[in-house]
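Please read the points below alongside the model.

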Amino acid sequence: MMKTLVRTQTFAITFLSPVHIGTEEQLDDHDFVDENGRLIRFRVTPLLERMDGKQLNDFVDEGLAAVKDWIRRSGLWQQEKIYEATVPRSPNWRREPIRPFIADPLFRPYLPGTEIKGAIRTAVAWWLLRQMNDEQRQKFRQYVGKGQRNDRIEEQRDRRWAGQWLEQSLLGEDPNYDLLRSLRVQDSNPVAPNRLKVLPVLVAVRTNLGLRWLQSPRRQNQPSQYTNDHTKALANFCECLDESVSGVAVTIASDDFLTEGEIERGESKVSVPKELRWEDAKREAVANWQKACNEFAKTIAELELNWWQQVKRASSVGAQTVAVVKMERFYDDLLKRIQAEGGQAVFINLGWGSGWRMKTVTEIFGDETVQRVVSRYGLDRGAGSRPFPKTRKLAWLGGNEFAPLGWMKLTTMGGER
């Protein structure tokens, strides 16, 4: 029996901007005490177990603020506190709940391997499409937003699966034959919950007059409302890990047996990748996943830099242009880092709020395909946005400091093993 050959690499993670990986849950004033510009999160279950009937009623009606004096007197304040974070402004709990970061049972945040692998999958798919000529790429355009059922090609109704057929066509129709089976990404190590920050994430809107902020989303017959003052903008408050966090690492294993191995069949040997129907070009894309990630990151950074430069040219002089200048500088610096460090590091973007371009390869097929997908799934709510999308999510760090979401760098720790 042939020994399986697996190479493992451990990467140190450097956060280049705030990262939020959510859980689909929402936290509110029943999880936090809002005190003098600080949000203090508690383990709620132990508190509930100690409350009497009146305290429970007060908690249900008014949240932890109604029982915070009791929490202090009972000695549970420090014992059950998870963390406290300074915020630029307090949430409006009725419409601005807090999105928690995915965490282990001890409330310690970590980066899921599936999330990192998903970012790698997108980059590899983009890489494969970029290597094709126009005629070859035309063949794959038909898969965007469509599916196959009973040998018929149909529009995919659920936008969550709009890219599934394209992905399967590029990387493998059967999970057992999927190209990325040869790459195994573990969860990162967890970090202490007090390393989390809570940041308001604002929606920046590109208009003919430059940058504005979403103040109230469209509801039925009422149009969206915008403001020039970011302190009055609607926010998604998110638990984030940012540049201040160090000591996070992830291990990625490459299975060389699947990509290069042979198995005995009778008196002959059979190539494992051929049995899996992995073409040479596709195997090379996975083998070069680090280069694919960096080239994808570079392309996205160039597009984003151009987007912000166009907003800057349309902006009038005022406070709203500060965010534009910050974003322009961020992506200019990011491109320089990729150029200088791309041979020794891997640049990726992951998590919530990073935007359309980070999660899809549709743009590589051209504007006509993008507009078909946008219209088919109502992604711009019929606004006819060109270029799509006209919004970006920005983390507000306080004052006039802003950052995009999701950027990080992976640097190899030692050699392979």
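**Notes on the predicted model**

1. Strand 10 (210-216), helix 11 (289-314), strand 16 (345-349), strand 17 (391-398), strand 18 (401-403) and strand 19 (407-412) are among the elements that cover the buried residues of helix 12, where contact means heavy atoms within 4.5 Å. Helices (H or I, at least four residues) and strands (E, at least two) are DSSP runs, numbered from the N terminus.

2. This is a predicted model, in which local features need pLDDT of at least 70 and side-chain atom pairs count only at pLDDT 80 or more, while totals for chains, interfaces and linings use all residues. Residues are numbered from 1 along each chain as its sequence is written, and side-chain values use heavy atoms, with hydrogens and water left out.

3. Helix 12 (residues 321-341) has 21 residues and reaches 30 Å from its first C-alpha to its last, close to the expected 30 Å, a span defined as 1.5 Å times one less than the number of residues. Its buried residues include Phe330, Tyr331, Leu334 and Ile338, buried being under 20% relative accessible area, exposed over 50% and partly exposed in between (1.4 Å probe, protein chains only).

4. Three strands form an open antiparallel sheet in the order 2-3-4, pairing being assigned if DSSP finds at least two bridges between two strands. Strand 2 (32-35) and strand 4 (81-86) stand at the edges with a single partner strand each, so one side of each lacks a neighbour in the sheet. Five bridges join strand 3 (residues 38-42) to strand 4, and Phe42 stands opposite Lys81 in strand 4.

5. Arg160, in the loop between strand 7 (152-155) and helix 7 (164-171), is exposed, with a relative accessible area of 65%.
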